[in-house]
Amino acid sequence: MEAELAALELNKTWILIDLPPGKSPIDCKFVYKTKYHFNGTIEWKKARLVAHGFTQQEGVDYHETFSPVAKIVIIRTLLALAVIKGWHLQQFDGNNAFLHGDLHEDIYMKKPPGYTKGQPG
């Protein structure tokens, strides 16, 4: 959780402010995942912070959604191209990922559980 919070701060994901009058913050939570070795021992544990976006109302809190993702057919095509061209392949495990998009609305979120910076609330 500390690594996730540090990455979010490093990327300047949010600004701590007092909640403006008449605004409602969305909640957030940590989602946990454990990856195992083939023999059943733990390889790593990961905590990811997610916002409860399902509490937002279309047309009030947001106006559109778009989440670009890589499709498996694209990944297979790139791997095939790398084999044909003899390119060196390397594995990369990213610590965190962000969906990039332009927000045209102000989004207010409660502070994550365990986040002690700033004023309470």
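**Salt bridges and packing**

Modeller: The side chains of K46 and E4 form a salt bridge, with an N to O distance of 3.8 Å. The pair links distant parts of the chain, since K46 sits in strand β2 and E4 in helix α1, 42 residues apart. Please keep in mind that this is a predicted model.

Colleague: Is E4 buried or exposed?

Modeller: E4 counts as buried, at 7% relative accessibility.

Colleague: Let us step back. In what order do the elements run?

Modeller: From the N terminus the order is α-β-β-α, that is, two helices and two strands.

Colleague: What share of the residues is buried?

Modeller: Of the 121 residues in the protein chain, 13% count as buried. The chain exposes about 10700 Å², and carbon and sulfur atoms supply 56% of that area.

Colleague: Which residues make up the largest nonpolar core?

Modeller: There are seven: L5, L8, C28, F30, A47, L49 and Y115. The elements that each give two or more residues to this core are α1 (2–10), β1 (28–36) and β2 (42–51). As a general point, nonpolar side chains in soluble globular proteins tend to be buried together.

Colleague: What does F30 touch, apart from its sequence neighbours?

Modeller: Leaving aside residues within four places in sequence, F30 is in contact with M1, E4, L5, A47, R48, L49, P112 and P113. One of these, E4, is the residue that forms the salt bridge with K46.

Colleague: Back to α1, then. Which of its residues are buried?

Modeller: The buried residues of α1 are E4, L5, A7 and L8. They are on the same side of α1, because they cover an arc of only 160° around the axis.

Colleague: Why would such a spacing put residues on one side of a helix?

Modeller: An α-helix has 3.6 residues a turn, so residues three or four places apart point the same way.

Colleague: What covers that side, and what does the opposite face carry?

Modeller: The cover over the buried residues of α1 includes β1 and β2. The face turned away from the buried side carries the exposed residues E2, A3 and L10.

Colleague: What follows α1?

Modeller: α1 is followed by K12, which has a positive phi of about 50° although it is not a glycine. K12 is in the loop between α1 and β1 and is exposed, with a relative accessible area of 72%.

Colleague: One last topic, the surface. Which residues make the nonpolar patch?

Modeller: The patch is made by I72, V73, I74, I75, L78, L79, L81, W87 and L89, and its area is about 850 Å². Among them, L81 lies in helix α2 (residues 72–85). L81 is partly exposed, with a relative accessible area of 33%.

Methods
Residues numbered from 1 in each chain as written. Predicted model: local features only at pLDDT ≥ 70, side-chain atom pairs only at ≥ 80, totals over all residues. Heavy atoms only, no water. Core = buried A, V, L, I, M, F, W, Y, C linked by side-chain atoms within 4.5 Å. Buried < 20%, exposed > 50% of the residue type's maximum accessible area, 1.4 Å probe, protein only. Helix = DSSP H or I, 4+ residues; strand = E, 2+ residues; numbered from the N terminus. Contact = heavy atoms within 4.5 Å. Patch = residues over 30% accessible without salt bridge, like charges linked within 9 Å, V, L, I, M, F, W, Y side chains within 5 Å. Areas by Shrake-Rupley, 256 points an atom, 1.4 Å probe, with all protein chains shown as cover. Salt bridge = Lys/Arg side-chain N within 4 Å of Asp/Glu carboxyl O. Arc of directions from axis to C-beta.
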